[in-house]
Amino acid sequence: MKITQLNIEGFRSLKHVTWKPGDLNVIIGPNGSGKSNLLRMLELISASAEGRLSKHILAAGGMGSLVWDGEASDINWTVACLGRPIPSYRLIYRVNLMRTGLSSSYEVREEAVDHYHLDFEQESASSVKHLLQRLGSNAFILDDSDKQNRLRIEESELGETTLSLMSTPLAGNTHLRFVRLDLAAWSVYHDIRVDRDAAIRQPAISRLENRVSPDGQNLINVLHTLYTGDREFKRQVNSAMSAAFGDDFDELIFPPASDQRVQLRVRWKTLKREQSAADLSDGTLRFLFLLAVLASPNPAPLIAIDEPETGLHPSMLPLVAELAVDAAERTQVVFTTHSDQFLDAFRETGVRPTTTVARWENGETTLTTLDDEDLAYWLKDYTLGNLFRSGELESMAS
């Protein structure tokens, strides 16, 4: 599914915002403006669909750490999506997380999933179905035969969404199961560890994995699975690595290690000995991570990456931009960035990303998606990076 609009109330600095993303998105703004909080909201929604909402909130320090200014009474989100690849329906998912007094506890107070079949000739929505409705401990599910069934939420499940319970055929609604799977599979990446002790540098227990996990630490298994099993993925990786490191790059290899483990090594034409993941530079590992995420033949339904330029040489940024444009044809891609060089890199692709400016005003974050016509006028003579350096992008959002 593709997000067409996301409304957020009461979450961190996002007191009351509306965001309308495109297929390929960049979010800019100064430090402390709230860019990362938008990505953390996407994480929260995904965790709620996966059934990890209570653990996610606990790990974040409880509701007191998540609500706006530590004092808001609740968190609300409404996410509107279109179906992919043919947008024949619209889906709206609404949730209210009600804080218990001033404590860090909460419950899912309200929840709804509405499904609209679209009539494009009349440019209107028709055949609205309320697939899921919940108030407190009472929920109603519309099954595949359009029969409404009541579901009683147990006390132990008040902190999880009803949607997260739609994981088996016994749940009764096929569409809700697919919605749950899509939202749960959103991949949000930030603070990927590449230090000397990171698991990303160590031999991994060999298993088939097609997507990089949010912490990035299963990178070796994903590269092994795709590089050895998908010719097009291998071609893209080899092409990007050669463009980044020159003709000296030969290939990736995955020799076995002890205890059913596999390791990652890079083979260089001028060296007799391959270079292991433990010896690769931070930038090389980050580049391989971006390759595995963006060049995946079966990407996550949504990919969000916080500051992809971190640790990369500027010469690599056009390669990342090109990969992102290609990935946006298969999924929705979101970047936050401070890099004018990364913004400039999109000019060579011929594709202009949807640009959103985050600003901090009166104790809260505002999000402004720049008007295409205004932006197109300026881009006749300037690049996104030029406008970012001059401060013109932020002025356009005021």
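Here is a friendly chat about a predicted model, in questions and answers.

Colleague: Let's start with the backbone: what is the phi of Arg12, roughly?

Modeller: Most residues other than glycine have a negative phi. Arg12 lies in the loop between strand 1 (2-11) and strand 2 (14-19). Although Arg12 is not a glycine, its phi is positive, at about 45 degrees.

Colleague: And where is Gln260, which has a positive phi of about 60 degrees although it is not a glycine?

Modeller: Gln260 counts as exposed, at 69% relative accessibility. Its place in the chain is a loop, the one between strand 13 (256-257) and strand 14 (261-262).

Colleague: Now to the rings: how are Phe245 and Trp268 arranged as an aromatic pair?

Modeller: A pair of aromatic rings is described by the distance of the centres and the angle of the planes. The structure holds eight aromatic pairs. For Phe245 and Trp268, the centres are 5.8 Å apart and the planes stand at 75 degrees. An angle over 60 degrees counts as edge-to-face, so the arrangement of Phe245 and Trp268 is edge-to-face.

Colleague: How many residues apart in sequence are the parts that this pair ties together?

Modeller: Phe245 belongs to helix 6 (residues 231-245), while Trp268 belongs to strand 15 (residues 265-268). The pair therefore ties together parts whose separation in sequence is 23 residues.

Colleague: Over which ring does the charged end of Arg90 sit?

Modeller: A charge can also sit over an aromatic face, as with Lys15, which lies over Trp68 at 4.2 Å from the ring centre. For Arg90, the charged end is 4.9 Å from the centre of the ring, and that ring belongs to Tyr116.

Colleague: Let's turn to the sheet: which are the edge strands of the open sheet of six strands?

Modeller: Strands of a sheet pair through backbone hydrogen bonds, either parallel or antiparallel. Here the order is 10-17-18-3-19-20, with mixed pairing. An edge strand pairs on one side only, and that describes strand 10 (187-189) and strand 20 (364-369).

Colleague: What is the bridge partner of Val26 in strand 19?

Modeller: Strand 3 (residues 24-28) and strand 19 (residues 354-361) run parallel, and four bridges join them. In strand 19, the partner of Val26 is Thr355.

Colleague: At about what angle does helix 1 run to strand 17?

Modeller: Helix 1 (residues 35-50) lies across strand 3, strand 10, strand 17 (302-306), strand 18 (332-336), strand 19 and strand 20. Its angle to strand 17 is about 145 degrees.

Colleague: Last one: why is helix 5 largely enclosed by the rest of the structure?

Modeller: Among the residues buried in helix 5 are Leu219, Val222 and Tyr227. What covers the buried residues includes strand 11 (204-205), helix 6, strand 12 (249-253), strand 14 and helix 7 (282-294). Helix 5 (residues 219-229) is largely enclosed because, of its eleven residues, the number buried is eight.

Conventions:
Residues are numbered from 1 along each chain as its sequence is written. This is a predicted model: local features need pLDDT of at least 70, side-chain atom pairs count only at pLDDT 80 or more; totals for chains, interfaces and linings use all residues. Side-chain values use heavy atoms; hydrogens and water are left out. Helices (H or I, at least four residues) and strands (E, at least two) are DSSP runs, numbered from the N terminus. Buried means under 20% relative accessible area, exposed over 50%, partly exposed in between (1.4 Å probe, protein chains only). Rings of Phe, Tyr and Trp (its six-membered ring) pair if their centres lie within 6.5 Å; planes under 30 degrees apart count as stacked, over 60 as edge-to-face and the rest as tilted. A charge sits over a ring if NZ of Lys or CZ of Arg is within 6 Å of the ring centre and within 35 degrees of the ring normal. Two strands pair if DSSP finds at least two bridges between them. Contact means heavy atoms within 4.5 Å. Axes are lines fitted to C-alpha atoms, for helices over the stretch in contact, and angles run from 0 to 180 degrees between N-to-C directions.
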